[in-house]
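Dear colleague,

Here is the structure I promised to pass on to you, together with some notes on what I found in it.

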Amino acid sequence: MAVAEAAVPMPAKRAKPPGAISRLIAHPSFRWGLLLFGLVAVCGLLADWLAPFDPLRNNFRTRFRPPDETFWFGTDRFGRDILSRTLHGIQVSLRIGLGVALLTALIGGLIGAVAGFWQRADGPLMRVMDALMAFPAVLLAIALAAALGPSELNVIVALSIAYVPRTARVMRAGVLVVREFPFVEGARAIGASPARVLLRHVLPNAMAPLVVQQTYVFALAVLAEAVLSFLGVGPPPPTPTLGGIIADGRDFIQEAPWISLTPGVVIALVVLGLNLMGDGLRDALDPRLRTAIR
Amino acid sequence: MSLLSVRDLAVSFGGTRVLEDMSFDIAEGEVLGVVGESGSGKSMTALAIMGLLPMGGSAAGRIRFEDRDLLALPEREMQRLRGERLAMIFQEPMASLNPVFTVGEQIAEVLRRHRGMDRRSAHREAISLLKLVEIAAAERRVDEYPHQLSGGMRQRAMIAIALACRPKLLIADEPTTALDATVQAGILDLLRGLRRELGMAVLLITHDLGVVSDICERVVVMYAGRVAETGAADAIFARPSHPYTQALLAAIPRLDGPIGALPAIGGVVPAPADFPQGCRFAPRCPHALPACEVGPPALRTTVSGTDAACIRVQEVA
């Protein structure tokens, strides 16, 4: 069979449209967010090398030292270096934040996808989510963490349960939209099974809002972990956590404000950075806003 | 023996029947056109055959395809049939391809599903399928994403997906509606050529009578969920018997016709919930009698050899 347009010379390969990554980098708020978050995260990751002192070692001769050239951010009531503790605390907080973001994405994503795709599952699943949503997330996490006992893993589990309903809702909304697209009917028409239609055709097209949502969940989890640690139901002492260090300084806020100040500023930077990144991601992944970015 | 035989097909949603008494046959390699206005039940017929009725819809009657009753077939069996023996292309080529996969991946999906091909040979076959549907530079297009293709090319790619396993029956639901006129002609030429080349039957759903006269051998004219008239395309176009078919043909604007207002059929198609008891066209029919409102008219053979659902067909034709 003759190819109709064979005689037409082939156009030169078109310049590739800017990919998602370069579009993200070009986005100012994503760039600033990445800078802030990246800075804090790298410090946390390199805590073992960067920390000048052992974060756990008590030294009663150096109690309540204000910031000086040896202890850049001062020491606490046991003479532990705040900088070293904060650096290690970042590690714990980010591990918990990432764990919660991934776990809620997995569980909430699955629940939301199933609820959105199979109408029969929708009612029961989402009523359970609504019931969870009825409690303030932090309150629920405190109760769960207290019930499960203090450990890093339990904090991740407790926070994940508390934040799963948000993720599930976002995922369900995305699936509800995408499953009506004609290409989903097209996938059925070539004999794809329902599970395959959902996993291969619906989910990849419904992921974008979830990705954005999970950056906010990450930030919320970092904040919530600080709250739990502050209240004493976070990872058990002497594990340095950002919330734990703030709690340590609470009784001495007048005399030694540097104890609470340093981890407090770090939490603010992490959360700000993550939120800015989330905004950037949202703009980059939303095709309706795409032209507005340039 | 016919490839597909539909008998007394009825589709209802809740208590509302949107389609009833639908019967027709398609022989191997035949092109059957189903025409009607929006809401006449054309698409529901197609979806019922594919077993893809929307949520809440149920089909009754018999749909026999190659010795199998599709309505009685378990869903798993239907999944094996779809895309393999029975393929469908849709109205909206712009949205009928998955935006996150390349054209080649989507063609390969059918081949891997039904033919068990490995990734590499499926990719090769995808290229030759794109050549079959006359897409230039198929080797390059195969790795492009749907948004990089024009509307006409996307519909060609859809056809390539549908034809991947050489189905016996292709259902084309308004395949050219969303395309502009020259692209439309190209797609119809392609369908005509492929059908001859591959020997497949085509069920072409359209509201465009021009398309029907172009490539269909037989026609089913539908009105408000029932068959109005059915028969050979030549006979229906030369001498329509049912008042609705007559009115429909009279409403086609002609280049050599008189200049003035276009002829139209008065009134609108009733909604499925308000379908009249008797002949559904009676309220809009210039020839209607009180007897028309008693019950749905049966199909009767007309002088031109078609079958029309009209009690006055002898006088009207």
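I begin with a hairpin in chain B, where strands β9(B) and β10(B) are joined with 2 residues between them and Ala224(B) takes a positive phi near 45°. Please keep in mind throughout that this is a predicted model.

Strand β10(B) covers residues 226–232, and because 6 of its 7 residues are buried, it is largely enclosed by the rest of the structure. β10(B) also pairs with β12(B), residues 307–308, again in the antiparallel sense and over 2 bridges, with Thr230(B) standing opposite Asp307(B).

These strands belong to an open sheet of 8 strands in chain B, which runs in the order β6-β7-β8-β3-β9-β10-β12-β11 and has mixed pairing. Its edges are β6 (86–89) and β11 (300–301), each of which has a single partner strand, so one side of each is left without a neighbour in the sheet. For β11(B) that partner is β12(B), which it meets in the antiparallel sense over 2 bridges, and there Arg300(B) stands opposite Ala308(B). As a general point for reading such a sheet, side chains in a regular strand alternate between the two faces.

Turning to chain B as a whole, I count 11 helices and 12 strands. Its radius of gyration is 21 Å, close to the 20 Å that the globule rule gives for 317 residues, so the chain is as compact as a globular protein of that length. The C-alpha atoms fill a box of roughly 65 × 50 × 35 Å along the principal axes, and buried residues make up 54% of the 317 residues. Of the contacts in chain B with a separation of 6 or more, 64% are between residues 24 or more positions apart. The chain exposes about 13500 Å², of which carbon and sulfur atoms supply 52%, while the mean positions of its 34 positive and 37 negative charges are 4 Å apart.

Is Arg82(B) buried or exposed? With a relative accessible area of 1%, Arg82(B) is buried.

Finally, a residue in chain A: Leu102(A) lies in helix α4(A), which covers residues 82–117. At 55% relative accessibility, Leu102(A) counts as exposed, because the cut-off for that class is over 50%. The C-alpha atoms of Leu102(A) and Gly116(A), which are 14 residues apart along the chain, are separated by 20 Å.

With best wishes

Note on methods: Residues are numbered from 1 along each chain as its sequence is written. Chains are lettered from A and ligands numbered from 1 in the order in which they are written. This is a predicted model: local features need pLDDT of at least 70, side-chain atom pairs count only at pLDDT 80 or more; totals for chains, interfaces and linings use all residues. Side-chain values use heavy atoms; hydrogens and water are left out. Buried means under 20% relative accessible area, exposed over 50%, partly exposed in between (1.4 Å probe, protein chains only). Helices (H or I, at least four residues) and strands (E, at least two) are DSSP runs, numbered from the N terminus. Two strands pair if DSSP finds at least two bridges between them. The radius of gyration is taken over C-alpha atoms; the globule rule is 2.2 Å times the number of residues to the power 0.38. Contact means heavy atoms within 4.5 Å. Accessible areas come from the Shrake-Rupley method with a 1.4 Å probe; for residues, only the protein chains shown count as cover. Lys and Arg count as positive and Asp and Glu as negative; His and the chain ends are not counted. The place of a charge is taken as NZ of Lys, CZ of Arg, CG of Asp or CD of Glu.
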